[in-house]
Amino acid sequence: MSKVDVVLGSFYGDEGKGKIIDYLGSHADAFLRATGGNNAGHSIEVDNEKYVFHLIPSGILNKGTLAIIGNGVVIDPKVLIEEIKSLKEKGKDVSNLRISTKAHVIFPYHIEMDKLQEEKRGNSKIGTTVRGIGPCYCDKYERCGIRIEDLYTDKFKEQLKINVTNKNQIFKLNNYEELDYEKIYQEYLEYANYIKEYVCDTTALVHKLLKEDKKIICEGAQATLLDIDFGCYPYVTSSNPTIGGIITGSGLNAHNIGEVYGVTKAYASKVGSGPFVTEQDNEIGDTIRELGHEYGATTKRPRRCGYLDLVALKYAIDLNGITALCLNHLDTIGKLPKIKLCVAYKKDNKILDGFTTNLEELKQVEPVYEEFEGNFLDISKVRSRKDLPENALKYIKRIEEYLEIPIKFIGVGALREEMIWEDK
Ligand code: IMO
Ligand code: MG
């Protein structure tokens, strides 16, 4: 029986997971998404065409590869259909898409609630993507959510009426426009009809595939420090983007998991509010942002940028059982004359024992840096680690030594093939 290889974000998202998934998946039989929703954004460039995926696993681009959206994903059908249509317009075959019967559906009231809650948070905004993700997961746990399979039953109309009525009470109190349930009902019936051909029991499907010795790549969305339990709460997303979420969001079991690839950039970035110990809110951060084109794929927001934080990475490795690291944007950080690497946190002149998600403590810690020489320019043609300049080698060797896991992928440029892949 084959194993599922998983690709996870190791920091605050946007680590370039899409590129690794694309690379690993070139011979896969199926790609699987298990968590999050259209708060994620993976961009991939193939044959000079740029594809941005928010919901559909990018394996849909490979002929014959199944693209599975698991039960743990929250689906905005409007966005999903736009993605399907845009793929079809580019001549891509979408018939290999599979959508879990059990995935929860995002409705317009979730998006309005997301907006309202952010407004109410005033100065302590989370900086959500305002895609209705949090409110949809809330309804799931409140047990009033509507799942994909419900869209095809009488329950849909009843539950939608209850939900819209309840949400309208909140909207009314806050001078928000009330929503028309009948209009939403008609709109979503059309969506349901459009996606019906793709809906199936994806848990049964993944187990069948594994028994047939088929290769599945699971693409993580979001990242470890955005995890609802293990991230920097409350500045997190509303799901578990760590390994546990991959299991509950798909119906895989722990024995099914093979390699766990942790993706990071050679520097760090974050969108939204919350702690970021190695942030460079200065010229260095601005330079990294411009060199790395650090603007959101989902919300276009400029990303906060800083140095790579090995303390946080070590935490991500322990939590997820990461077996190998993928280091993107080595070319970007190499353009700086000097590079720093955070190797410890210090508080009141004492070195702390690893990472902490306690916000008060995180606010007070100071990063302890080691400094490296940069200026390793033009490495985009390098395809073997031994051909990297000395300064680049010193930097990545220190990362491996500290984290005690191998770096298997090194991104040396923006293009699909600009990558060193060493399976040692
Ligand atoms: P990918 O898959 C980066 C962040 C938001 C916000 C917090 C909560 O592209 O790496 P939400 O809308 O999820 O309730 O917002 O989480 N966030 C991400 N940041 N990349 C992502 O996904 C993100 N998905 C959510 O910015 O701080
Ligand atoms: Mg993103």
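Start with two helices: helix 3 passes helix 4 in a right-handed crossing. Here right-handed means that the near helix is turned clockwise from the far one by less than a right angle, and left-handed that it is turned anticlockwise. Select residues 108-120 for helix 3 and 133-142 for helix 4; their axes come within 7 Å and cross at roughly 115°. Axes are lines fitted to C-alpha atoms over the stretch in contact, and angles run from 0 to 180 degrees between N-to-C directions. Helix 3 and helix 4 are therefore roughly perpendicular to each other. The classes are roughly parallel under 35 degrees, roughly antiparallel over 145, roughly perpendicular from 65 to 115, and oblique for the rest. Helices (H or I, at least four residues) and strands (E, at least two) are DSSP runs, numbered from the N terminus.

A note on the model: it is predicted, local features need pLDDT of at least 70, side-chain atom pairs count only at pLDDT 80 or more, and totals for chains, interfaces and linings use all residues. Residues are numbered from 1 along each chain as written, chains are lettered from A and ligands numbered from 1 in written order, and side-chain values use heavy atoms, without hydrogens and water.

Next, select helix 6, residues 181-195, with helix 2, residues 77-89. Their axes come within 10 Å and cross at roughly 45°. That makes helix 2 oblique to helix 6. The crossing of this pair is left-handed.

Now the backbone. Most residues other than glycine have a negative phi, and most peptide bonds are trans. Select Asp-213, in the loop between helix 7 (202-211) and strand 10. Its phi is positive, near 65°. Move to Pro-234, in the loop between strand 10 (216-219) and helix 8 (243-248). The peptide bond from Tyr-233 to Pro-234 is cis, with omega near 5°.

Last stop: ligand 1. Which residues are closest to ligand 1? Select Asp-14, Lys-17, Asn-39, Thr-129 and Thr-237, the closest of the 19 residues that surround it (a heavy atom within 4 Å). The shell divides into seven nonpolar, nine polar and three charged residues; nonpolar covers Ala, Val, Leu, Ile, Met, Phe, Trp, Tyr, Cys and Pro, charged covers Asp, Glu, Lys and Arg, and polar the others, Gly among them.
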